[in-house]
Amino acid sequence: MSDPTIKGLPPPPVKYDGSNQRILIVHARWNDTIIQSLVSGCVAKLKEQGVKEENIVIKTVPGSYELPFATQRLIAGSQTQSSVNAPSLLGASSANLVNLLTSDEPATPQPSLTTTTKPNAPSTGPFSAAISIGCLIKGSTMHFEYICDAVTNGLMRVQLDTGVPVIFGVLTALTDDQALERAGLGRKGNKGHNHGEDWALAAVELAAQSAEWS
Ligand code: DLZ
């Protein structure tokens, strides 16, 4: 086993505050057990960092290959629509897209501009960061290599083109066990660590920092 003091991400230098952030999670449905665990870990950690439930928007796509397109479209949509009940620091915004976990239903009807805001009413506004989650497991053909390459490059392009941080939440595993361990579901006496939690921390940190840097 590798030395935990050498590898991996140390705790952030400060605790970043996610209470004014609006975070998009787009996840693939391929390899569902692993995905569900990653998404749950990610959502729990976002909330720990102060992100409000109504500001966590979850959308799904069939497979990882679809992640760059969906992430790009959802970010772009959130930047062009008018703001309703948006977190104060975030400016303009989008139709509400709050869908929980596996739900891929139409967005909750948008409150009208005159509607009184309820405490847990779904928010709208531009996304502060996006987390694109998928799990690719190598098979016997070259499919894995091509999809890994396309998704990695695609997601990098989305964040540079849109100016919104996109967290790379895609496991690229050579075996089922590698994927399970990285979702905190290891079955060989080592549960592993849920990388969804790390992605949440990275999203809140990048969202906070990019607001300062811009
Ligand atoms: C086709 C495919 C294969 C073989 N493996 C995976 C995988 O391990 N993880 C994943 O997220 N998606 C996989 N896909 C589906 C592709 O990502 C994509 O959905 C289809 O090729 C349709 O564009």
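Me: Leaving aside neighbours within four places in sequence, which residues is Trp199 in contact with?

Reply: Two residues are in contact if their C-beta atoms, placed from the backbone, lie within 7 Å. By that test, and with neighbours within four places in sequence set aside, Trp199 touches Cys42, Ile131, Ile167 and Gly169. The model is a predicted one, in which local features need pLDDT of at least 70 and side-chain atom pairs count only at pLDDT 80 or more, whereas totals for chains, interfaces and linings use all residues. Residues are numbered from 1 along each chain as its sequence is written.

Me: Where does Trp199 lie, and is Trp199 buried or exposed?

Reply: Trp199 belongs to helix H5, residues 195–213. Burial is judged by counting other C-beta atoms within 10 Å of a residue's own: 20 or more is buried, 12 or fewer is exposed, and values in between are partly exposed. Trp199 has 25 such atoms and is therefore buried. The C-alpha atom of Trp199 is 9.0 Å from that of Leu46, although the two residues are 153 apart along the chain.

Me: How many helices and strands does the protein chain contain, and in what order do the elements run?

Reply: Helices (H or I, at least four residues) and strands (E, at least two) are DSSP runs numbered from the N terminus. Here the protein chain has five helices and four strands, which follow one another from the N terminus as β-α-β-α-β-α-β-α-α. Of its 214 residues, 42% count as buried. Among contacts between residues at least 6 apart in sequence, 78% join residues at least 24 apart.

Me: In what order do the strands lie in the sheet?

Reply: Strands pair if DSSP finds at least two bridges between them. The order is S2-S1-S3-S4, in an open sheet of four strands with parallel pairing. S2 (56–61) and S4 stand at the edges with a single partner strand each, so one side of each has no neighbour in the sheet. From one strand to the next, the twist averages 15 degrees.

Me: How many bridges join S1 to S3, and how many join S3 to S4?

Reply: S1 (residues 23–28) and S3 run parallel and are joined by five bridges, with Leu24 opposite Ala130 in S3. Eight bridges join S3 (residues 129–137) to S4, and this pair also runs parallel. Leu136 has Thr172 of S4 as its bridge partner.

Me: Why is S4 described as largely enclosed by the rest of the structure?

Reply: Seven of the eight residues of S4 (residues 166–173) are buried, and S4 is therefore largely enclosed by the rest of the structure.

Me: Which handedness does the β-α-β unit of S3, H3 and S4 have?

Reply: A crossover is right-handed if, with the strands pointing away from the viewer, the path from the first strand over the helix to the second runs clockwise. S3, helix H3 (residues 143–162) and S4 form a right-handed unit. H3 lies across S3 and S4 and runs at about 170 degrees to S4; such angles, from 0 to 180 degrees, are taken between N-to-C directions of axes fitted to C-alpha atoms, for helices over the stretch in contact.

Me: Which residues are closest to the ligand?

Reply: A residue is near a molecule if its C-beta atom, placed from the backbone, lies within 6 Å of it. The ligand is surrounded by 15 residues, the closest being Ala28, Trp30, Gly63, Ser64 and Tyr65. S3 provides the largest share of the shell, four residues, and S3 and H3 each supply at least two. By class, the shell has eight nonpolar, six polar and one charged residues; Ala, Val, Leu, Ile, Met, Phe, Trp, Tyr, Cys and Pro count as nonpolar, Asp, Glu, Lys and Arg as charged, and the others, Gly among them, as polar.

Me: Where are Asn31 and His193 found?

Reply: Asn31 lies in the loop between S1 and helix H1 (32–48). The phi of Asn31 is near 60 degrees, a positive value in a residue other than glycine, and Asn31 counts as buried with 21 C-beta neighbours inside 10 Å. His193 is in the loop between helix H4 (176–182) and H5, and counts as partly exposed with 16 C-beta neighbours inside 10 Å.

Me: What is Gln72 in contact with, beyond its neighbours within four places in sequence?

Reply: Gln72, in helix H2 (residues 67–80), is in contact with Val158 and Thr162 when those neighbours are left aside. Gln72 counts as buried, with 22 C-beta neighbours inside 10 Å.
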